[in-house]
Structures are given as structure tokens and as C-alpha cells.
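The points below are meant to be read with the structure in view.

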Amino acid sequence: MSIPTLDIQDLKLGFKGYTGYAEVLHGISLSVAPGERVALVGESGSGKSVTARIVLGLLQELRTARISGSVRFEGKELDRLTKRERHALRGRAMSMIFQDPTSSLNPVFRIGEQFHDVLRRADAKITREAALERAASILAEVSVRDADRVLNAFPFQLSGGLNQRVMIAMALANEPALLIADEPGTALDVTVQAQTLQLMRKLVEEHHTAVLFISHNLGVVREFADRVYVIYKGRIVEQGPTRAVFEGPRHPYTRALMAAVPRLTGGGIPDIEENSPDFGAPIEIHPDEVQT
Amino acid sequence: MKRTLAILTANPLSLLGLVLVFVVVFSAVFADFIAPFPEHAGAVVDFANFNQPPQWPYIFGTDLVGRDLFTRVIYAYRISLILGIVVLAIAVPIGVSIGLVAGYLGGRTEYVLMRLTDVFLSVPPLVLAMSIMGVLKPTLANGMLAVTVMWWPWYTRLVYNITRGEKEEGYVLAAEVIGASRLHIIFREILPNCVPAIVTKMTLDMGFVILIASSLSFLGLGVQPPTPDLGSMVADGAKYLPDSWWLTIFPGLAILVAVFGFNLIGDALRDILGAEQ
Amino acid sequence: MTAPILELDNVSKTFGTGDDVVQAAQSISFGVTKGECLAIVGESGSGKSTVANMILGIYPPTSGEIHLNGSVLPSRRQLAHRRAIQLVQQNPLSSLNPKRSIGASLRLALDVHEIGAKNERADLVSALLEEVGLPADYAKRSPTALSGGQRQRVAIARALACQSQLVVLDEPTSALDVLVQARVLKLLNQLRETRNLTFVFITHDLSVVRNIASRIAVFERGRMIELGDTSTLFSNPAHPYTRRLISAVPVVTDEEAALRSALAAGLEDTN
């Protein structure tokens with residue numbers, strides 16, 4: 001068995017505030033194998049985004065945050081790394097795509113410059129020319145045909161869909177082992193979103209990049225992920241291969257969630273309670289598909 | 001409110017601010033009971049004890065005509081606070097209303113009101129106040145007028161900027177779609193959302209108004225003798241430095257305490273209320 | 001066939017002047033029948049919000065007329081016009097004033113339109129809250145103490161307060177979690193029946209529209225490219241763009257995926 005790219009064990013997170021201590025993650029465990037696409041799906045406030053932030057090492061620096069448990073990246077305990085080492089990891093071995101592409105890119109620099117900065121994180125000596133060449137080739141992979149124009153442009157001069165593709169290209173430019181995608185494309189129109197997801201899927205497959213995909217959108221998850229973790233109020237309630245979870249959800253919360261999604265084939269608005277004591281039931285784990 | 005107070009007392013810096021401001025306000029309100037020589041607030045001459053260094057019963061020493069400096073500092077606080085309150089009580093409603101109207105209505109109204117504000121903002125505050133005081137008689141009332149005239153535009157700017165943002169919020173659209181009057185939208189919907197920023201600025205400004213008023217009287221344009229005033233006390237004492245140091249140091253420290261105290265609270269409020277500047 | 005409650009007659013809207021002209025809506029004509037839920041579907045820049053804003057009187061059309069119950073709506077709306085058409089916005093975080101209580105926000109509509117005697121209005125507020133499934137004592141609370149779904153219920157109650165016949169729903173559930181969305185859509189459906197309301201439902205979400213709308217108007221770049229009954233539009237869309245739109249929707253079941261690929265296949269045929 002190879003070492004998982006990301007392995008989270010019994011992760012707990014709480015915040016100390018003026019009103020006392022509040023725990024938001026109650027011990028979650030998940031793993032992402034090399035080249036695997038794993039989705040963490042949940043509603044707002046479920047703890048999915050803070051999980052991504054911990055993996056990126058962004059919450060550790062917060063004074064009010066209390067974190068326990070283990071987060072291993074390629075076998076290395078993140079907690080043992082210094083701040084500098086964690087920082088070096090981000091943008092190189094680990095990268096991230098955010099929800100809103102246009103606001104995640106720096107508005108005052110040309111795309112080309114931003115690519116250069118990104119590539120410099122992995123190779124400090126890379127020349128501007130080499131960086132632009134590399135940028136053009138990876139942009140071609142996300143079907144950006146006129147790379148020269150794009151590299152010379154400022155983010156606001158490009159459409160949301162194009163910016164999202166630039167973000168994906170940038171996130172993959174340094175061949176990271178892990179890509180964390182937090183609600184990618186949610187800010188985009190459906191047609192653009194569909195294209196972007198297809199591109200992203202093709203690219204991570206070719207580069208054998210592991211992906212932790214954070215989303216609230218079940219449909220998007222179904223189309224993108226190999227494996228799914230369903231998170232509810234800081235606990236994983238169901239996990240398993242995407243097909244198994246979508247075709248036979250077992251946990252009451254997952255069942256409710258699936259039933260609540262309006263169907264393109266009709267059938268009316270389902271009558272489902274927003275809340276139920278059953279949602280606190282223990283985790284349901286589907287067996288992995290037999291690997292050959 | 002309770003929460004705000006709890007947070008203020010939890011932070012050492014803002015707690016210090018609360019203590020300092022409490023000292024200032026307490027002395028100003030209860031001056032008649034605290035001051036050892038209440039009559040020294042006026043025109044009293046006691047040449048037997050003139051220009052004495054700090055000693056019992058004159059803990060801050062005495063001035064050139066033998067008045068107790070401690071007494072005069074306490075009464076000067078009273079004047080400073082009254083000045084600050086009156087200035088803000090006039091400047092804030094005017095500045096806030098203009099900012100709200102300009103920000104919400106936009107168009108030509110906004111253009112006229114904001115250019116008018118810019119004119120006032122473009123003149124350095126002290127220069128504007130000095131020229132007003134130069135033309136008018138240097139009395140306490142005119143001092144307040146001068147400071148007020150230079151103070152309202154800052155509230156206009158602040159509230160105008162917030163209003164421009166709030167105008168885009170859904171609740172304003174909702175009120176418009178319901179058919180609510182402009183008056184209602186401006187004063188009942190938008191204004192409450194400006195209050196945290198206004199309160200924060202007012203707290204900070206109490207310190208600054210005291211400072212500006214002191215600067216004016218330091219230049220001889222403010223409160224006139226024999227009324228005790230921190231600025232003129234510093235100015236009068238400065239001629240006798242370093243020998244009669246107490247004449248300058250104690251009124252100077254008194255200004256520092258008041259300004260510093262109000263600023264500490266203002267800064268803490270800004271953090272707590274999440275107010276924009 | 002009853003006369004339409006709302007009718008757009010060749011309505012256009014242009015923004016800007018000179019070289020900077022944007023045709024936000026071009027020659028839009030459709031009618032909304034009393035009691036129906038007409039969905040306006042499109043992506044960003046399609047003009048669906050422009051049309052909604054013109055119906056609400058936030059700005060007037062550049063040309064064309066909007067009729068309400070047979071009479072032309074003026075560009076400067078009067079109180080009675082305001083009362084007749086109400087709005088539920090997308091973002092319940094911003095649509096309720098954080099500094100005013102729920103009760104005050106609901107009461108505004110009653111005060112402006114002088115609905116009920118002054119001393120009865122508090123009871124009317126309670127009744128409105130109960131009608132949308134919230135406890136009456138929420139009137140005293142601040143919106144910041146409520147969840148997204150609860151706030152959206154308050155926003156719906158506010159639209160009901162005016163007793164309008166026509167409600168424009170501008171992406172009313174897209175900021176909500178899917179379980180909450182189902183409850184809110186259920187509530188809207190139920191209110192449409194009990195109060196005999198007419199909805200104009202603005203959205204980009206075709207899965208929602210499939211299950212709530214009686215008719216659908218598809219918008220693309222300022223034009224209405226298709227208008228039809230919901231079931232017809234989904235089984236046999238006339239315009240290729242409609243097909244593209246439907247086939248891009250992320251789905252959760254194989255049945256839906258089959259529908260999608262059937263439409264996508266049709267798309268290739270037409271190209």
C-alpha cells in the first residue's frame with residue numbers, strides 16, 4: 001500500500017471566543033491516495049472549509065484556534081513542520097483553487113507576472129522567458145488558445161471562466177501532489193462551470209494529482225469525485241465510493257440531502273425536514289471498490 | 001452594550017483608557033468637591049504663596065499669582081469637556097445628516113454637498129479655527145464655534161462613505177420596493193448602520209477636540225483669563241521653563257491623560273464594533 | 001383564459017450612452033397569468049435581472065410598456081403600484097436590516113400602506129410570522145440571530161405584508177443549503193395556493209425551475225429566446241441554447257443524466 005498523499009486522523013478544531021469555547025470539528029478522519037479525487041461534501045457551517053484551511057496550515061497561526069489530531073502530508077506530520085516549511089509546501093507540493101477566480105487573482109499584476117511568481121516558488125532561478133513559456137504550455141492544456149494575449153492581460157480584462165482556467169493552470173503549474181479545490185466554479189454560470197470541471201478533471205488525471213474537493217453541490221461532486229465524505233456539523237457521517245454513496249445512501253442525513261436536491265426530471269419539491277435527531281447517527285462506511 | 005463593556009475591561013489597554021477617562025470625567029463633574037481651593041478657579045491673588053513647587057497642600061504647586069495648579073487643572077477639565085461635548089453635539093448631527101443625504105440621494109445633491117465639504121476639508125483645521133478666532137472675539141463661545149465649523153466635514157466624509165456602501169444593501173432596495181419615504185430610508189434604515197462608526201469617531205474626537213482647543217488657547221486665541229484652560233496654562237508656564245517646570249508639566253500631563261484615555265477607548269471601540277474609518 | 005395580471009409589451013432597456021451602450025434587454029414581450037409561476041431563466045448577462053428590475057419599477061424601460069391588470073405602469077411608481085408588486089431577494093443576509101428588529105422590518109410595509117388599524121399591526125406582524133412558519137415572538141429578534149432559511153422566511157413574510165398579488169422572486173433559494181431550500185420552496189408553493197399569488201421566479205437553477213414553475217422563459221444576452229410550458233421545454237426544447245443550458249446542469253441520479261445526454265445528443269444534431 002502506498003503512503004496516502006493526505007491523511008487526516010481524528011482532527012478536532014475549536015475556537016476560544018469571548019463567550020467561551022466552541023468546537024467545530026469533532027474528530028474527523030479522511031485520506032486521499034495519490035492521484036485520487038476525493039470530495040468533502042457538506043452544507044454551510046459543516047466544517048468542510050475549515051478542514052481545507054487546516055490542511056493548508058492557515059488556521060494554525062490563529063491564536064484563538066485549538067487544533068488536535070494528526071494531519072499527514074505524504075507521511076509527514078504537518079504539526080511538526082516549522083512555519084517556514086509549511087509555507088514552502090503551499091504553492092509547491094500543495095496548491096489551492098478558490099471559489100471566485102476573479103478576486104483570487106491579484107488585480108494589479110498581469111497574468112504572466114503572476115505565473116512567474118508561482119513558478120518561482122518551485123524554482124527560484126527560473127527566468128521570465130522560461131516561466132512564460134511554461135505558462136503558455138500549461139494554459140494550452142486548459143484549452144486557452146491565445147496564451148500570449150492572456151499572459152499579457154490583467155485579470156479584470158478576462159472573463160470569469162477564463163480566469164478560472166488561469167487559476168487551475170496556475171494551481172497545477174508546479175506539479176503539486178495535492179490540489180485543494182474549495183467550491184471551484186460556484187461563482188460561475190452553469191455552462192462555464194461544466195466546462196471548467198471537465199477541464200480540471202482531465203488535467204488532474206493526466207498529471208496524476210490528488211484532489212481534495214470541497215463542495216456543497218452534490219451534482220458537481222457526483223461528476224468529479226472518485227470517493228466521497230459527507231460531513232455534517234463537524235462529523236463525517238458517511239463515506240465511500242461516489243457511485244455507492246449516490247446510489248445507496250445509508251446515513252439518514254445523506255438520504256435527506258440526496259432527496260432534497262430538486263430533480264431535473266421533475267417530481268415536485270420533496271417534503272423533508274431540515275433537521276432530525278437521526279442526523280446524529282453513527283458514521284456509515286461503504287467498502288472500497290475492489291482494486292485490481 | 002454589556003458585551004462591549006465586558007470586552008473593554010478584558011483588554012489591559014482599553015481598561016487603562018476607561019480608567020483615565022473616568023478620572024477626567026469624575027474630576028470635571030465633581031470639581032467643586034475635589035478641588036482643595038475652589039475659589040482659585042477664578043481671579044484670586046495670593047502673593048504670599050506665588051510660584052511654589054509641588055508641596056502640601058499645593059500638590060501640583062502654585063502659579064505666578066499664587067493659585068493652586070491642581071485646582072485649576074481640575075476646573076480646566078470641566079471647561080475642556082463642556083467644549084468637547086458642545087462641539088460634537090453640534091458638529092455630529094450636521095455632519096452626519098449631510099453625509100447621509102449626499103450618499104443616499106447621489107447626483108447633483110451629492111456633488112454640491114460633497115464639494116462644499118471638500119472646501120472645508122482642504123483648509124488645515126487649526127488655520128481655519130485661527131482665522132475665525134482672529135476675526136471674532138476670542139471667547140469660549142467663539143472657540144466652540146470655530147472648532148465646530150472645522151469639525152463637521154469629517155463626519156460628512158465618514159458617513160457619506162458608509163452610506164454609499166449601505167445604499168447597495170438589499171434592505172435599502174427592500175424598503176424602496178415597499179414604497180418607504182426617503183426620509184425613512186435615510187434616517188431609520190441607513191443611519192442605524194452608521195452608528196458604530198460615528199460613536200467610535202466621537203470617542204476619538206473628544207481627545208482631539210480637547211487638544212485643538214488647547215492649541216488655540218496656547219496661541220492665545222482660546223479661552224481667556226482668568227478661566228482656567230490647559231492650553232493657556234502650558235503657554236503661560238512655558239516662559240518660565242525649566243526653573244518653574246511644574247507650571248508646564250502638570251497641565252501638559254493633564255492634556256495627555258485626557259487625549260490618551262479617549263483615544264484608547266476609541267481604538268478599542270473601533271475593533272469591537274468593527275467600524276470603518 | 002383570464003387576462004394576464006402582468007404584461008410586458010416590447011420592452012427594451014439600454015444602459016450607457018454613445019459608444020458605451022449596453023443592450024440589457026431587447027424587445028421583451030410576455031404575459032403572466034394570475035396564479036401561475038413564470039420562471040425567467042438565464043446566465044449572467046442574460047437580462048433576467050434587468051427585466052425583474054423594470055417590473056419592480058427600480059428603473060423604467062427605455063422603450064415599451066409594462067401593464068399591470070390592464071393599465072400601463074408609469075415610470076414613477078405610486079404607492080399603490082409599489083404595493084401591488086413585491087420582491088424577495090437572493091441574499092437574506094443583506095435584505096434584512098441588521099440594526100432593526102424582524103418586527104420593525106415587517107411593520108414597515110404595514111405602516112407605509114396603512115394596512116390595518118395602528119393598534120392591530122403588531123397582531124398582523126405575528127400572523128405574518130406564523131404564516132411563514134416562524135414563532136410570533138421572533139418579531140423582537142434581530143435578523144443576525146436567525147439562520148439563513150429563517151431570514152428568507154421573514155423576507156417572504158415582508159413581501160406578503162403588502163398583500164400584493166404579484167411577487168418577484170429573485171434567486172430566492174440560491175444562497176440557501178439544499179435542505180433549507182426544499183423547505184422554503186415548499187412554503188412558496190403553499191403560499192401561492194393559499195393566497196392565490198402570482199410568481200415571477202428569476203433564477204439560473206434549472207433543477208429548481210423544473211419542479212416549481214408552470215412556464216419558463218429562457219433568456220440569453222438580453223433576448224428571450226424561448227418561452228414554453230415547463231414539461232414541454234424539458235422534454236423538447238426548441239432552442240439549442242436551452243438544450244445546452246439543461247445539459248450543463250450537475251445532477252445526482254442516472255435518470256437525470258440520461259435526460260441530459262438525450263438533450264445533448266439533440267444538440268449535436270442541430271449543429
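1. Between chain A and chain C about 3,200 Å² is buried, and carbon and sulfur atoms give 58% of that area; buried area here is the accessible area, taken with a 1.4 Å probe, that two parts lose on being put together, summed over both. Of the area that chain A buries against chain C, 27% is supplied by A:Leu264, A:Ile269 and A:Glu274, more than by any other three residues. In terms of contact (heavy atoms within 4.5 Å), 35 residues of chain A meet 34 residues of chain C.

2. Before going further, please note that this is a predicted model, in which local features need pLDDT of at least 70 and side-chain atom pairs count only at pLDDT 80 or more, while totals for chains, interfaces and linings use all residues. Residues are numbered from 1 along each chain as its sequence is written, chains are lettered from A and ligands numbered from 1 in the order in which they are written, and side-chain values use heavy atoms, with hydrogens and water left out.

3. The polar side of the A–C interface includes 19 residue pairs in polar contact, both residues being at pLDDT 80 or more; such a contact is a pair of N or O atoms within 3.5 Å, where within protein one must be able to donate a hydrogen and the other to accept it, and residues adjacent in sequence count only if both atoms are side-chain atoms. On the side of chain A that touches chain C, helix 8 (190-207), helix 9 (218-224), helix 10 (242-247) and helix 11 (252-260) each supply at least two residues, with the largest share, five residues, coming from helix 9. Helices (H or I, at least four residues) and strands (E, at least two) are DSSP runs numbered from the N terminus.

4. Seven salt bridges are found across the interface of chain A and chain C, a salt bridge being a side-chain nitrogen of Lys or Arg within 4 Å of a carboxyl oxygen of Asp or Glu. One of them joins A:Arg243 to C:Asp254, with the closest N and O atoms 2.9 Å apart. Over all chains the structure holds 32 salt bridges, among them the pair of A:Glu205 and A:Arg37, whose closest N and O atoms are 3.1 Å apart. This pair links distant parts of the chain, since A:Glu205 is in helix 8 and A:Arg37 in strand 3 (residues 37-41), 168 residues apart.

5. On the chain C side, C:Leu259 lies in helix 11 (residues 254-270). Leaving aside neighbours within four places in sequence, C:Leu259 is in contact with A:Leu264, A:Thr265 and C:Phe234.

6. Chain B has 11 helices and zero strands, and its C-alpha atoms fill a box of roughly 75 × 45 × 30 Å along the principal axes. Helix 2 (12-29) and helix 3 (31-34) of chain B each supply at least two residues of a nonpolar patch, to which helix 2 gives the largest share, seven residues.

7. Some backbone details deserve a look. The peptide bond from B:Trp56 to B:Pro57 is cis, with omega near 0°, and B:Pro57 is placed in the loop between helix 3 and helix 4 (69-105) of chain B. Another cis peptide bond joins B:Leu241 and B:Pro242, with omega about -5°. In chain C, C:Asn10 has a positive phi of about 55° although it is not a glycine, and this residue lies in strand 1 (residues 6-15).
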